[in-house]
Amino acid sequence: MIRRAVLVVLGLVWLGPTYLLLVNAARPAGSYDPGSAWVPSGDFALFENFARALDSADLTQSLASTALYSFVSPLLGVLVGALAGYTIVVLRLRYGFWWFLLIFGGTIFPSQMLLVPLFVGYSDAGLYDSRLGMILIYTAINVPLAAFVLRNFYSGVAFSIFEAARMDGASTWRIFWRIYLPISASALTAVFILEFTFIWNDLIFGLTLTQTEEVRPVMTAIAGLMTDVYAGTPVPVGLAAGLVVSLPTVVLFLATQRLFARGLSLGSV
């Protein structure tokens, strides 16, 4: 009984910020009062606030750019990661373990350490504030996780499958494309969902590598909108923008929850 009560209290504490977000994002823009933030206003103005945010921060272009990054970069990332795992495990690349360490080793460094060299390199290469530059950096960041999951997955696939396909005259590329890629669809989907969520919610690289409204990710645009709270943007408007923009990742995860869990368990063999 005591344990259940403790769990209920901890659950309420955990859900407190979410409750505040929902209540204040739905109240009319002009009725926000910090002293009554916990009390619902009785009105539902969530979509009105979001529409105002769309106009104030021009979120339409940022949403389009974020959708592009969130689909293209994970697709490229899981493909390159699958190729890396296939080459290391199935083709038995010489010094494959050390190549894997080289690919995955970059993840031990905090992202903040990459910002200055990335900014300088992107500026020199003409990739700063470009959609191509954002796709490249997001793809590079996503490859190590995909390589890790797919390397583990392919380690559990019988090597006799590859040998049989080679005896039938299939090329290494055809074997990858027609056999190994389809059987790893669940693991690829799980990695794609994780990477989609990361890119959609990214802030730090958008702040560092973008400037214009056409290129910057949506979370960067919302951060700029929230910065303007003291300059006249009502708090409910900023909260409504953040809430609505976060919904696609929640919907994607809920819609693919079983496939996501199955893919991760397959990739951990």
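**Figure 1. Burial and overall make-up of the chain.** Of the chain's 269 residues, 40% count as buried (under 20% relative accessible area; exposed means over 50%, and partly exposed lies in between, with a 1.4 Å probe and protein chains only). The model is predicted: local features need pLDDT of at least 70, side-chain atom pairs count only at pLDDT 80 or more, and totals for chains, interfaces and linings use all residues. Residues are numbered from 1 along each chain as its sequence is written, and side-chain values use heavy atoms, with hydrogens and water left out. The chain holds 13 helices and zero strands (helices are DSSP runs of H or I with at least four residues, strands are runs of E with at least two, and both are numbered from the N terminus). From the N terminus on, the order is α-α-α-α-α-α-α-α-α-α-α-α-α. The C-alpha trace spans about 75 × 60 × 30 Å along its principal axes. Among contacts with a separation of 6 or more, 72% join residues 24 or more positions apart (contact means heavy atoms within 4.5 Å).

**Figure 2. The largest pocket.** Rolling a probe the size of a water molecule over the atoms shows where empty space is left. The largest pocket holds about 380 Å³ of space. Its lining has 19 residues, and the closest to the centre are Gly106, Thr107, Ala140, Ile141 and Pro144. Helix 4 (96-105), helix 6 (131-155) and helix 9 (185-200) each give two or more residues to this lining. Helix 6 supplies the largest share, six residues. By class, the lining has 14 nonpolar residues, four polar and one charged (Ala, Val, Leu, Ile, Met, Phe, Trp, Tyr, Cys and Pro count as nonpolar; Asp, Glu, Lys and Arg as charged; the others, Gly among them, as polar). The search uses a 1 Å grid over the protein atoms alone: a cavity is a set of points where a 1.4 Å probe fits but cannot get out, while a pocket is an open set with protein on both sides within 12 Å along at least five of seven lines. Lining residues have an atom within 4 Å of a point. Grid points are joined across faces, edges and corners, and a volume is the space filled by probe spheres set on the points.

**Figure 3. Helix 3 against helix 6.** The axes of helix 3 and helix 6 come within 5 Å and cross at roughly 35° (axes are lines fitted to C-alpha atoms, for helices over the stretch in contact, and angles run from 0 to 180 degrees between N-to-C directions). The contact of helix 3 with helix 6 has 21 nonpolar, nine polar and two charged residues.

**Figure 4. Helix 3 against helix 9.** Here the axes of helix 3 and helix 9 come within 9 Å and cross at roughly 145°. The crossing of helix 3 and helix 9 is right-handed. Helix 3 contributes residues including Leu63, Ser73 and Ala82, and helix 9 contributes residues including Leu188, Phe192 and Trp200. This contact of helix 3 with helix 9 divides into 14 nonpolar residues, three polar and one charged.

**Figure 5. Serine 73, a buried residue of helix 3.** Serine 73 sits in helix 3 (residues 59-90). Serine 73 counts as buried because its relative accessibility is 0%. Leaving out residues up to four places away in sequence, serine 73 touches Leu68, Met134, Ile135, Tyr138, Thr139, Asn142 and Ile199.

**Figure 6. Two loop residues with positive phi.** Tyrosine 95 lies in the loop between helix 3 and helix 4. Phi of tyrosine 95 is near 60°, a positive value in a residue other than glycine. Tyrosine 95 counts as exposed, at 52% relative accessibility. Aspartate 129 lies in the loop between helix 5 (115-125) and helix 6. Phi of aspartate 129 is also positive, near 60°. Aspartate 129 is buried, with a relative accessible area of 18%.

Figure 7. Valine 244 belongs to helix 12 (residues 235-255). Valine 244 is buried, at 16% relative accessible area. Beyond its neighbours within four places in sequence, valine 244 contacts Leu46 and Phe50. The C-alpha atom of valine 244 is 41 Å from that of threonine 87, 157 residues apart along the chain. Leucine 12 lies in helix 1 (residues 2-26). Leucine 12 is exposed, with a relative accessible area of 60%. Leucine 12 and leucine 91 are 52 Å apart, C-alpha to C-alpha, and 79 residues apart in sequence.

Terms used. Left-handed = near helix turned anticlockwise from the far one by under 90°.
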